[in-house]
Every structure is written in structure tokens, then in C-alpha cells.
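Q: I'd like a close look at one part of this, please, taken slowly.
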Amino acid sequence: MSVYTNDQEKSEIALAGLYQVDDPEVGLNIVDLGLVYQIDFDDAKKKVDLIMTLTTQFCPMGDAITSDTRNSLEESFPEWEINVELTFDPAWDYTMISPEGKEFLGH
Amino acid sequence: MMGPGVVGLQQTTSYKVVVPFYIYASISLLVGTVLLLFHTDLFHQHHFTPYTLAITHTMALGWGTMLIFGASHQLLPVLISGKLHSNFLAYLTFLFTGIGIPLLVYGFYIFNTGWILKSAAVLINCGVILYMINVLLSIYHSEKNEVHAWFVAAASIWLFSTTFYGLLLVINFTSSLLPRESVTYLSIHAHLGLIGWFLTLVIGVGSRLIPMFLISKYANERNLWWIFAFINGSLISFLVFKILNVSPEFYYVSLIMGLIGILLFGNHCRLAYKVRIRKNVDNQMKISLLSVLQMIIPVAVMLAVLALLPSTKNQNLILLYGFCIFFGWITALIFGMTFKTLPFIIWNKVYQKKAHKGKTPAPKELFNERVYQAMSITYISGFIFMLFGIIFQKDFFLKTAAVLLLMAAVFYVYNSATIILHKPKKQ
């Protein structure tokens, strides 16, 4: 699933970091798993808004995954304000896994 | 620069609620296997003996129920799409059942039918009532009530029915509360617990988690409703037949309903496995899937019990039935699920805020994989040896099996302790 953004160049910087953020249970990064929906950048306010999901709404690892995501964005964009928002609309399902992700899972 | 907290993040159950149940369960497994080792001669006797009751309740309550309490407090939010109603009620559940269970086991072991057994049964009932209230209120406040929530709700009510009925049986030892002796009602108590509590809960949780862990494309809620109906229908019909005191042939109806429910669940897992995205299945999932197959053995044994009625061989078969459930199906399931859940609970506690700040191990690296393999091998071989020992009444097989199961328990405790005591390496 592609990630929506208003700034392709900065999005690539963000995604390079987010590819290092794994879902600890699956062992696959959150981008290939299809958890990242949208990343928007506000240059004037130096603000990053990321909208993502979890594989299930009350995922016990939710706190860890979102903390990891926030830390990654803080590393990629130091001095910027980072907002991470979870949404379950649309809810995640297996069709959101990228071809690379499916290959990693042995599919 | 830090922004506000994560919008939309739902709080899950604290590890402080969950971990004590896991510790308690692992100690109970050790106690249960030690008791088994010292009393393998019970497989030559009637099933209603002090030692059999002590071991059965160690395994059913101390091991199976306490671990399922822990896991269900953790996983309930995933199952019902809502948060646990109260951590405090969960602590109280632990307190009451945690004191009640060893008292009950000790009471059975020395067969003190007085205050020890009665106070133990009251304490366990208090804990179970609080658990049931916590579960039902969590479900009541949750956003969606899918079929999995119904399984969990029904299981908690059946559990209370089991322990309340157990309390009546304990009182009946010394006061004539029921028309006949307690041993007459034992099968009702046992099946309320086995089918109502364990089977209903395990199917409810398994039908949600197995496809989730496998990242399966398969989902069939209608099938799960059928399973719910067959399993509960099986138990209710059994209770009605018992109360009406009908001839044994009637129990085939309950047994066949139960068998259909289990086969439908087995097929649900098979289909989920078949169309999974995650092809590399870990060892914990493999042993959990083995436990699904192990569900069939007790049903086959019960069919044999009915077919051979009133043969003298039945005593053996009843003990085999109990062993296949507690040391077979339930133990295999817990062995798999402990190492699928506990590492994540501890990893979350230790590394949650450290993520992406230096190298962190994966949750599955929190326990020793070789010890896990040793546990699996000793457990499976111990289980098979015990089956031979019970069927052929050979002491050599019984003792060897008991030693192997004790070894499996030691490996389990070692790995559980390794996870729980995990500390991050200094960078």
C-alpha cells in the first residue's frame, strides 16, 4: 500500500527511518506491513503529522510500535514537532502488506 | 522536539496484572508434575482418591486456570475490542484464587473435608466471581460484541458454575446438601470445567488469535457461531441428561455435538493455516496447533468409555481421559501460548520506551530456544509414554513418563523465569 504525503522528498527521508521500525511480533517493518497511511509536513511550523494503524485496535504492542515510530521520526527530523495519530478507519488487513513484505513472510 | 502523545492509542492491560498469574501457573505445573512422579500408582486405582483430586486441581486451577486468567486479562482487549474493566478486580482475583488453590490442593491431599476444603472453595469462588464480573463488565463497555466476546462471556459464567458446584460438593462431604454422595456428581463438576470453561474459552481465544498470528486470509464468523452452539449445546444436553438420570446411550448425543464443535474448530484452524500469509510458522504456534489435534484424543477416549460400559476397563479409560485433557491438550496449549505472549509482555515493559534508541532484542530472543526445544521433546515423549503406561498399566512407562514431564516442567519454569527476569544489556 502506498503512503500518502504532501512532500515526496521529505517522505522518503521519513520512510528510510520507518523501514527500521519493526512490528515486534511479525518481525516485519511497519511500512511493508502497511501500517503507515499518511505523512504530511508543515515547513512553516516545522511539524510532521503521521497517520498510521495497528494490526488490531487493542494491540498489546501498540505503545511500543508508536513509540518506536515517534523516535524514528525524531531522529529523521530533529527539532521538528512530531505528531503520531492512530486510525482504525480503514482497519488494517493483509491486503495492505507490500509485495516485499509478503516475500519476507515467505508468501 | 516532543509533540503531544499518540492520538487514538488504546491502553492495554498492565504487565503488573498479568505476570503474577504466569509465575503462579509455572510453580503449579512444577508442583503438579512432582506430585505425579510420587503418585504414579494412582493410575492403578479408582479416579476418586485424595491424590488424584490434589493433582487434578493443581493442574486444572493452579496451572490451567491461573495461566488462562493471566493471558485472558492481557488478551481480553484484543478479543472484545475494548479495555479491561478493572485492574483492581484482577489483583483481587489473583489474591483470592492464589490463596484458595494451595489450600484446596492441600485439603484434598490430606483429605481434610472440614474447614480447609470449605474455606479454600469459598476463596476460589470469590476470586472467580470477581473475574466473571470483570470480564462481563469489560464486554458490556466494549465497542463491538463479536462472537469471540460471547465465547469469553460464556466461559466465565461456566467457570463460576464449576467452582460454585465444587463448593456444593465440598459442603456435601460433611453435610447432606445433595441427595447422593459427592462422587456421584463429579462428572457434572468436571465437565462444567472442561467443556464450559476450558474448551469454550480456548476455542474463543484460539479462533481469534491463531488466524491473527498466522496473518491468515480466512475469516468465517458464521462457522464460529455454529461452534459456539455445538459446544454449549453439548454441555447443556449433558447436564440435562445427568439431571434426568437417563441411560448412558443418551450421552452419545452430547458427545457427538461436542465432537462436531471440536472438528469444526479444527477445520477453522486448518483453513486459517492453509491460506496464511505468514508461511514461516514458529515453534510456539506449532505446539499450539498440536494442542488442537490433541483435543480429539479425550473425545475418542470418552467414546471408548461409553462403548465399553460397564466394563472394568473403564477406570483406566477415565484416568486416561483426565490425563489427556490436563497433561495433554491444556498443557500443550499453554506451552505454546506462554512463549507466544509472555516475551511480548516483558519486552513491552523493558523496551517500550527504548525502541529505536539502540539495538533491542526481538521478543522471541528473550527465552532460550534450545531449552524450549528440550521442553517440547521431553513433554511430547512424556505424554506418549504416559499414554502407554495408563493403557497397559506398566509402572516402567508411568515412572519414565512422570520423570520426562517433570523435566519438561523444569525447562518451562527455567525459560519463563529467564523471560520474567530479563534485564536490558548495558549499551
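How many residues does the contact take from chain A and from chain B?

A: The contact takes 33 residues from chain A and 32 residues from chain B (two residues are in contact if their C-beta atoms, placed from the backbone, lie within 7 Å). Quick heads-up: this is a predicted model, where local features need pLDDT of at least 70 and side-chain atom pairs count only at pLDDT 80 or more, while totals for chains, interfaces and linings use all residues. Residues are numbered from 1 along each chain as its sequence is written, with chains lettered from A and ligands numbered from 1 in the order in which they are written.

Now for the side of chain A that touches chain B. Helix 2 (62-76) and strand 4 (81-86) of chain A are the elements giving it two or more residues (helices, H or I, at least four residues, and strands, E, at least two, are DSSP runs numbered from the N terminus). Helix 2 of chain A brings the largest share, nine residues. By class, that side of chain A has 13 nonpolar, twelve polar and eight charged residues (Ala, Val, Leu, Ile, Met, Phe, Trp, Tyr, Cys and Pro count as nonpolar, Asp, Glu, Lys and Arg as charged, and the others, Gly among them, as polar).

Where do those two elements sit in the chain? Chain A has three helices and four strands, and along the sequence they follow the pattern β-α-β-β-α-β-α. Its C-alpha atoms fill a box of roughly 40 × 25 × 25 Å along the principal axes. Of the contacts in chain A with a separation of 6 or more, 66% link residues 24 or more positions apart.
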